[in-house]
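Have the structure open as you read.

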Amino acid sequence: MVGFKATDVPPTATVKFLGAGTAACIADLITFPLDTAKVRLQIQGERQGPARAAASAQYRGVLGTILTMVRTEGPRSLYNGLVAGLQRQMSFASVRIGLYDSVKQFYTKGSEHAGIGSRLLAGSTTGALAVAVAQPTDVVKVRFQAQARAGSGRRYQSTVDAYKTIAREEGFRGLWKGTSPNVARNAIVNCAELVTYDLIKDALLKANLMTDDLPCHFTSAFGAGFCTTVIASPVDVVKTRYMNSAPGQYSSAGHCALTMLHKEGPRAFYKGFMPSFLRLGSWNVVMFVTYEQLKRALMAACTSREAPF
């Protein structure tokens with residue numbers, strides 16, 4: 001067995017809640033530059049047609065985007081919005097991942113055999129609920145990642161300044177901008193991510209191809225990351241564009257999507273696909289592996305504290 005051994009006592013809801021938030025923060029710390037590169041690629045060319053955007057593209061590819069940012073803005077630019085990102089994960093992942101099993105059990109009325117419908121319903125529920133909790137942190141994170149550190153065009157000087165400025169200039173609703181596409185995105189992401197991970201892991205264990213340890217968690221998480229990227233990229237691009245847009249640029253998320261389609265064509269919905277996959281794939285691997293180990297470590301600590309002899 002690799003890593004902490006599974007305990008006989010299943011993890012409590014509190015352990016899952018805290019473990020999910022902590023694991024997501026660790027995953028964000030490691031993969032944040034890829035997320036920033038994804039955002040820059042997604043918003044690139046939004047005010048131009050596809051021909052002009054391709055000709056004047058500042059960022060090309062994942063590595064090219066990262067190198068360009070380091071050269072023009074410094075290495076710290078790769079971590080623009082990290083504070084808001086960690087705030088988002090601690091509140092967001094705790095709900096959407098930490099409560100997934102509890103909600104799944106609620107829909108199955110305690111049955112251990114959950115069907116695909118119950119899993120999808122649980123994923124949609126916790127994904128949408130998490131947005132209701134963490135939306136302002138997501139808006140600030142995206143705004144920070146989109147702005148360049150160099151020059152006088154910076155919109156916000158700090159995380160607190162971003163919250164204050166958005167609330168002052170755009171009203172309280174500004175902090176909840178893009179809630180609709182974000183609900184849609186995260187319901188889709190949560191279903192694809194958690195349900196796919198659940199199904200792959202169950203299949204590997206039932207077929208006795210792997211045991212419930214790190215290799216199994218790694219394989220399941222990588223598969224979940226790829227499936228999630230394919231399914232969620234179009235909604236993710238629209239969400240990023242709409243959250244980062246100036247007041248009045250788009251009347252709604254639907255208008256943003258139609259504008260993208262008209263000006264840049266269908267391929268615009270998969271802008272930043274490679275950094276999205278690299279980020280989601282690596283994020284899923286780090287998060288799920290860490291989450292599984294944290295659950296076991298926390299339960300082992302609780303058990304040893306309750307029975308020291």
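What do the side chains of R279 and D28 meet in? They meet in a salt bridge, with 2.5 Å from N to O; the term stands for a side-chain nitrogen of Lys or Arg within 4 Å of a carboxyl oxygen of Asp or Glu. R279 sits in helix α11 and D28 in helix α1, 251 residues apart, and the pair links distant parts of the chain. Helices here are DSSP runs (H or I, at least four residues), numbered from the N terminus. Both R279 and D28 are buried, where buried means under 20% relative accessible area, exposed over 50% and partly exposed in between, using a 1.4 Å probe and protein chains only.

Before going further, a word on the source: this is a predicted model, in which local features need pLDDT of at least 70 and side-chain atom pairs count only at pLDDT 80 or more, while totals for chains, interfaces and linings use all residues. Residues are numbered from 1 along each chain as its sequence is written, and side-chain values use heavy atoms, leaving out hydrogens and water.

Across the whole structure, a search finds 22 salt bridges. Another one joins the side chains of R119 and D202 at 3.1 Å, N to O. R119 belongs to helix α6 and D202 to helix α8, so this pair ties together parts 83 residues apart in sequence. R119 counts as buried because its relative accessibility is 8%, and D202, at 24%, counts as partly exposed. R241 and E264 also form a salt bridge through their side chains (2.9 Å, N to O). Here R241 lies in helix α9 and E264 in helix α10 (residues 253-264), so parts that are 23 residues apart in sequence are tied together. R241 is buried at 0% relative accessible area, and E264 is buried at 9%. Salt bridges with shared partners also join several residues into one network, among them D28, R279, D138 and K239.

Now look at how two helices pack. The axes of α6 (residues 116-146) and α9 (residues 214-244), lines fitted to C-alpha atoms over the stretch in contact, come within 9 Å and cross at roughly 80°. That makes α6 roughly perpendicular to α9 (65 to 115 degrees).

Of its 21 residues, I97, W283, M287, F288 and Y291 touch the most other members. Helix α11 (273-306) is among the elements giving two or more residues to this core, and its share, seven residues, is the largest.

Key. Axes are lines fitted to C-alpha atoms, for helices over the stretch in contact, and angles run from 0 to 180 degrees between N-to-C directions. Angles under 35 degrees count as roughly parallel, over 145 as roughly antiparallel, 65 to 115 as roughly perpendicular and the rest as oblique. A nonpolar core is a set of buried Ala, Val, Leu, Ile, Met, Phe, Trp, Tyr and Cys residues joined through side-chain atoms within 4.5 Å.
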